[in-house]
Amino acid sequence: MYSHALTHAGFEVSTAVDVDAGYELATSLRPSIVVTDYRLRGGSGADLCSRLKRNRRTSAIPTLIVTASSQPRDLEHALKLGCTAVRLKPYLPDEMERDIRALIAGARVAHWPPEYGARPS
């Protein structure tokens with residue numbers, strides 16, 4: 001759904017099936033942003049973010065995690081590993097597009113939006 005919506009919004013979208021493929025794709029393409037789900041085959045989206053942040057070629061790429069997990073430990077883990085922002089599902093495509101455009105433009109977005117309540121500790 002997100003891939004289709006973002007393509008329709010004018011973004012060039014590449015997809016990967018797991019953490020390793022996502023890392024290889026990001027290091028070869030060096031995209032403007034990486035959007036990932038928290039739960040992936042071969043690890044988590046947080047693991048992918050961490051690997052990208054440790055690579056000097058990809059460390060500046062903003063990363064956005066989308067997750068259905070509202071477990072505070074998962075959300076805090078993603079932020080600690082260097083993910084730029086975490087968003088909970090349901091996350092409407094137009095909200096994602098807004099956040100992506102802001103991140104690509106270098107604008108600050110909330111790591112953890114206040115409408116979600118207190119940030120996990």
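This is a predicted model: local features need pLDDT of at least 70, side-chain atom pairs count only at pLDDT 80 or more; totals for chains, interfaces and linings use all residues.
Student: Where does Asp99 lie?

Tutor: Asp99 is part of helix α5.

Student: And is Asp99 buried or exposed?

Tutor: Asp99 is buried, with a relative accessible area of 4%. The cut-off for buried is under 20%.

Student: Which side chain does Asp99 meet at 2.9 Å, N to O, in a salt bridge?

Tutor: That would be Arg87, whose side chain forms a salt bridge with Asp99 at 2.9 Å, N to O. Asp99 lies in helix α5 (residues 93-104) and Arg87 in strand β5 (residues 85-88), so this pair ties together parts that are twelve residues apart in sequence.

Student: What about burial for Asp99 and Arg87, buried or exposed?

Tutor: Both Asp99 and Arg87 are buried.

Student: Which residues are linked with Asp99 in a network of salt bridges?

Tutor: The network links Arg87, Arg98 and Asp99. The side chains of Arg98 and Asp99 meet in a salt bridge at 3.4 Å, N to O.

Student: How many salt bridges does the count come to?

Tutor: The count comes to five salt bridges. One of them joins Glu97 and Arg101, with the closest N and O atoms 2.9 Å apart.

Student: How many residues apart are Glu97 and Arg101 in helix α5?

Tutor: Glu97 and Arg101 are four residues apart in helix α5, so about one helical turn separates them. As background, an α-helix has 3.6 residues a turn, so residues three or four places apart point the same way.

Student: How does the accessibility look there? What is the relative accessible area of Glu97?

Tutor: Glu97 is partly exposed, at 24%. Arg101 is also partly exposed, with a relative accessible area of 40%.

Student: Switching topic to helix α2. Which of its residues are buried?

Tutor: In helix α2 (residues 19-29), the buried residues are Val19, Gly22, Tyr23, Ala26 and Thr27. They cover an arc of only 125° around the axis, which puts them on the same side of α2.

Student: What covers the buried residues of α2?

Tutor: The cover includes strands β1 (34-37), β2 (39-40) and β3 (43-44), along with helix α3 (45-54).

Student: You listed Tyr23 there. Which residue lies over the face of Tyr23?

Tutor: Arg51 lies over the face of the Tyr23 ring, at 4.2 Å from the ring centre.

Student: How many aromatic pairs does the structure hold?

Tutor: The structure holds one aromatic pair.

Student: Back to α2. What does a side-chain oxygen of Asp18 reach at the start of the helix?

Tutor: At the start of α2, that Asp18 oxygen comes to within 3.3 Å of the backbone nitrogen of Asp20.

Student: And which residue follows α2?

Tutor: Arg30 follows α2. Its phi is near 45°, a positive value in a residue other than glycine. Arg30 lies in the loop between α2 and β1, and at 46% relative accessibility Arg30 counts as partly exposed.

Student: Now backbone geometry elsewhere. Which peptide bond is cis?

Tutor: The bond from Lys89 to Pro90 is cis, with omega near 0°. Pro90 sits in the loop between β5 and α5.

Student: Last one, Gly82. Where does Gly82 lie?

Tutor: Gly82 is in the loop between α4 (72-80) and β5. At 28% relative accessibility, Gly82 counts as partly exposed.

Student: Which residues is Gly82 in contact with, again leaving aside neighbours within four places in sequence?

Tutor: Gly82 is in contact with Lys53 and Thr63. Gly82 and Ala60 are 22 residues apart in sequence and 10 Å apart in space, C-alpha to C-alpha.

Key: Residues are numbered from 1 along each chain as its sequence is written. Side-chain values use heavy atoms; hydrogens and water are left out. A salt bridge is a side-chain nitrogen of Lys or Arg within 4 Å of a carboxyl oxygen of Asp or Glu. Helices (H or I, at least four residues) and strands (E, at least two) are DSSP runs, numbered from the N terminus. Buried means under 20% relative accessible area, exposed over 50%, partly exposed in between (1.4 Å probe, protein chains only). Rings of Phe, Tyr and Trp (its six-membered ring) pair if their centres lie within 6.5 Å; planes under 30 degrees apart count as stacked, over 60 as edge-to-face and the rest as tilted. A charge sits over a ring if NZ of Lys or CZ of Arg is within 6 Å of the ring centre and within 35 degrees of the ring normal. The arc is that of the directions from the helix axis to the C-beta atoms. Contact means heavy atoms within 4.5 Å. A polar contact is a pair of N or O atoms within 3.5 Å; within protein, one must be able to donate a hydrogen and the other to accept it, and residues adjacent in sequence count only if both atoms are side-chain atoms.
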